[in-house]
Amino acid sequence: MSTQPPGPPRPAPKVAVIGGGPGGLYAAVLLKRLDPRREITVWERNAPDDTFGFGVVLSDETLGGIEHADPTVHRALQDEFVRWDDIDIVHRGRTLTSGGHGFAALGRRRLLEILHGRCESLGVRLRFRTQAPPAAELAATHDLVIAADGVNSRTRETHADVFRPTVGTERCRYIWLAADFAFDAFRFEIAETEHGVMQLHGYPFSPTASTVIVEMREEVWRAAGFDALDERQSTERCAKIFADALGGRALRANKSSWTAFRTVVNERWSHGNTVLIGDAAHTAHFSIGSGTKLAVEDALALAACVEEQPDLPAALAAYESERRPVVESTQRAAAASLRWFEELDTYTDQPARQFAFGLLTRSRRVTHDNLRLRDPAFTGAVEGDFGCEPGTPPMFTPFRLRGLTLRNRVVVSAMDMYAAEDGMPGDFHLVHLGGRALGGAGLVMTEMVCVGPEGRITPGCTGLWTDEQGAAWRRVTDFVHNGAPADAGSPGAAIGVQLGHSGRKGSTRLMWEGMDQPLPDGNWPLAAASALPYLPDVGQIPRALDRAGLTEIREQFASATRRAAEADFDLLELHCAHGYLLSGFLSPLTNTRTDAYGGDLAGRLRYPLEVFDAVRELWPDDRPMTVRISATDWAPGGNTAEEAVEIARAFVAHGADAIDVSTGQVVTEERPEFGRSYQTPFADRIRNSLSVPVVAVGAISSWDDVNSLLLAGRADLCALARPHLYDPHWTLHAAADQGYSGPGAPWPLPYRAGSRPPPTGRTDGPKPRLTLT
């Protein structure tokens, strides 16, 4: 039997790592452990003991991954960590403490020393004080190039045409400092100075030292004169401002400078055999402590994918596929956190415990239910301040607008159903809206009800331009108010009508036949602020409304208002969002008029306010009016969050009782930042800037989200759409899930037998009685 002679040995795989931070070093460690044959070189332009910042916080989840992948590194880290559970929040001299959080931190320099030692013990070459060759040059001589060269990545910028990065500079300035004592908790302290609000983030990283980050808005930083101070002067000034937090002790710097955070996003993370990890690929604001965590987790995932996949292209694709959703979720949380700190001055007047709760839940990763498990005493005190009766979740507290008291804070959001004929609501609308009212919501909103036949979006939209339509709506409101037997005296559901006009987004097909696509036939003429189609080259071009047209449509709104009052709606909402007629006047992207109804924001507001005034005059004085707005157009040149505050301010000045805060859908080129509760920061800003009630809407899907938003003072009511399509009894089931059975969520008498989950098939077996050995 013959055998083939052995072939020449395969050359050892070569790996280049650009950047000697935690992510790059740990990637080198893992890849060398997985294949000791690998020749791995790390280039670091700084000296071994050069580092920025002071302390690094790692989560238990990250540590678990490290322990599984490299117990040696994990043991070394465990020996160095300082651990604590509390967060102290100082609000106007009052310290509030929340416990049960669990943190672990160590010095960044010590972390690097541990990783340096591990690299050297495994045979990884560390080249300090050496600028790495360009990635393209390394890629020609190495099997894999890992670009861990940080937020200012030369690799990313050199190949920007491939990675397609977006780098945004945020609005605060901050500086990393240290104190030579250990805080006994994670400490947040606010300084309200003559120049504006400043904040301190502090946490221990050794038994004798703490990281101290001082942060403030750019305009506050300049007004305070920090732009003219050197490192020593800035350090001394910060120590003086936060002398109480520091106990009069000094701060020290380490090549510390004021900087603005840069948020990095890349469309792609790999190019040939070069891959980005850590801050080169993505950044997340330091206020959620995720920079080092993400870099280390990137290294873990990259090494695992290289080991598991058949070749490098598959490995890099798998790495990005695995990590991108995690990173994007973290970046959304970080963005919410940094926005909270950017808008800090709008929260300082909140009651102390509400302020503290808002800070703790700012990223939406810590929620009411989660915090109640961590620290029930603190959460219970926040609930008491909010007005919760014992055993009553925040969402089931009543809320009053003018003469209307809602039994709870849940709103069935307005949702177009496209089920009408000639504008007439029928049995479908009775069952749809009546069913959601039986399901426990405090307020049920109609879809956008159109004020004229040419103001419909589709042929299936409802209207209020005839008395017959008004009578049909009265059938619905009567059922919502009186349709199901209930306990005597138990509060019923309220029903609101949303009045609107489609503007340039009308005469389109039913949603499931092609949303926003023009009708193939039977079209009606469109009217808008300006003669701009919604779908370029496809949509119908509307006529720009002249004086007569403006008056006619304003009178249509007035007539519809009379019918809405006669139909016994409890609340009226004026639809000024989503690119429909009144929204089209508000946005500079859709309003190019040169008369009194265009131009600056005051001009663009003129017609929507005229319509509002006409409606408010006819709407019964004891019934509330709300206005739905798009708080941002999500497009360059469109309305911004700052302008949304001014739009809301104008409507409130004219008598709006609450603002329903949505976003977008104004132009097709929008780029929304979708994610859980992604629109609520806009509601939050309007509420806390103007002290006006707001309705939050947009991917609010859990009762925990609702409770969290309410307790933090980010919203007064929460509107949910898709959850109510999935479960018409969403509110009652939320009550059952929380063990609540009070007046805020009364079960209709015929349904009461179903107020507890039905039994399921038995899954338990006899308990073991004996243990035999």
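Tutor: Begin with the naming of elements: helices are DSSP runs of H or I with at least four residues, and strands are E runs of at least two, both numbered from the N terminus. Keep in mind that the model is predicted.

Now go to Thr348. Thr348 sits in a loop. Helix 12 (312-342) is on one side of that loop, and helix 13 (352-360) is on the other. Is Thr348 buried or exposed? The relative accessible area of Thr348 is 5%. Buried means under 20%, so Thr348 counts as buried. What does Thr348 touch, once residues up to four places away in sequence are set aside? The partners are His91, Arg92, Ile190, Glu192, Val197 and Phe355.

Step back to the whole chain. The protein chain is split into domain 1 (14-344) and domain 2 (400-738). Their centres, taken over C-alpha atoms, are 43 Å apart.

Look next at where the two domains meet. Four residues of domain 1 are in contact with five residues of domain 2. The interface buries about 360 Å². Carbon and sulfur atoms give 40% of that area. On the domain 1 side, Arg332, Trp340 and Glu343 supply 66% of the area buried against domain 2, more than any other three residues.

Charge matters for the description here. Two residue pairs are in polar contact between domain 1 and domain 2. The side of domain 1 that touches domain 2 has one nonpolar residue, no polar residue and three charged ones. Two salt bridges are found across the interface of domain 1 and domain 2. Elsewhere in the list of pairs, Glu642 forms a salt bridge with Arg171. Their closest N and O atoms are 3.2 Å apart.

Side chains of opposite charge can pair when their charged atoms come close. How many salt bridges does the rule count? The count comes to 46.

Take Asp70 and Arg118 from that set. They form a salt bridge, with the closest N and O atoms 3.1 Å apart. Asp70 lies in the loop between helix 2 (60-69) and helix 3 (71-80), and Arg118 lies in helix 4 (residues 108-122), so the pair ties together parts 48 residues apart in sequence. Asp70 is buried, at 0% relative accessible area. Arg118 counts as buried too, at 15%.

Arg323 and Glu297 meet through their side chains in a salt bridge of 3.5 Å, N to O. Arg323 is in helix 12 and Glu297 is in helix 11 (residues 291-308), so this pair links distant parts of the chain, 26 residues apart. Arg323 is buried at 5% relative accessibility. Glu297 is buried at 11%.

Another pair joins Glu610 and Arg547. Their side chains meet in a salt bridge of 3.9 Å, N to O. Glu610 belongs to helix 21 (residues 601-618) and Arg547 to helix 19 (residues 547-566), so parts 63 residues apart in sequence are tied together. Glu610 is partly exposed, with 23% relative accessible area. Arg547 is also partly exposed, at 40%. Salt bridges with shared partners also build one network. Its members are Glu170, Arg171, Arg217, Glu219, Arg339, Glu342, Glu343, Glu642 and Arg685.

Ala16 is in strand 1 (residues 14-18). Its relative accessibility is 0%, so Ala16 counts as buried. Beyond neighbours within four places in sequence, Ala16 contacts Thr41, Trp43, Leu138, His142, Leu144, Val145 and Ile146. Ala16 and Ala602 are 58 Å apart, C-alpha to C-alpha, and 586 residues apart in sequence.

Phe569 is in the loop between helix 19 and strand 25 (571-576). Phe569 is buried at 0% relative accessibility. Leaving out neighbours within four places, its contacts include Thr446, Trp473, Ile495, Trp619 and Arg623.

Note on methods: Residues numbered from 1 in each chain as written. Predicted model: local features only at pLDDT ≥ 70, side-chain atom pairs only at ≥ 80, totals over all residues. Heavy atoms only, no water. Domains from an automatic or database assignment. Contact = heavy atoms within 4.5 Å. Buried area = accessible area lost by both parts, 1.4 Å probe. Salt bridge = Lys/Arg side-chain N within 4 Å of Asp/Glu carboxyl O. Polar contact = N/O pair within 3.5 Å; in protein donor to acceptor, adjacent residues only side chain to side chain. Nonpolar A, V, L, I, M, F, W, Y, C, P; charged D, E, K, R; others polar. Buried < 20%, exposed > 50% of the residue type's maximum accessible area, 1.4 Å probe, protein only.
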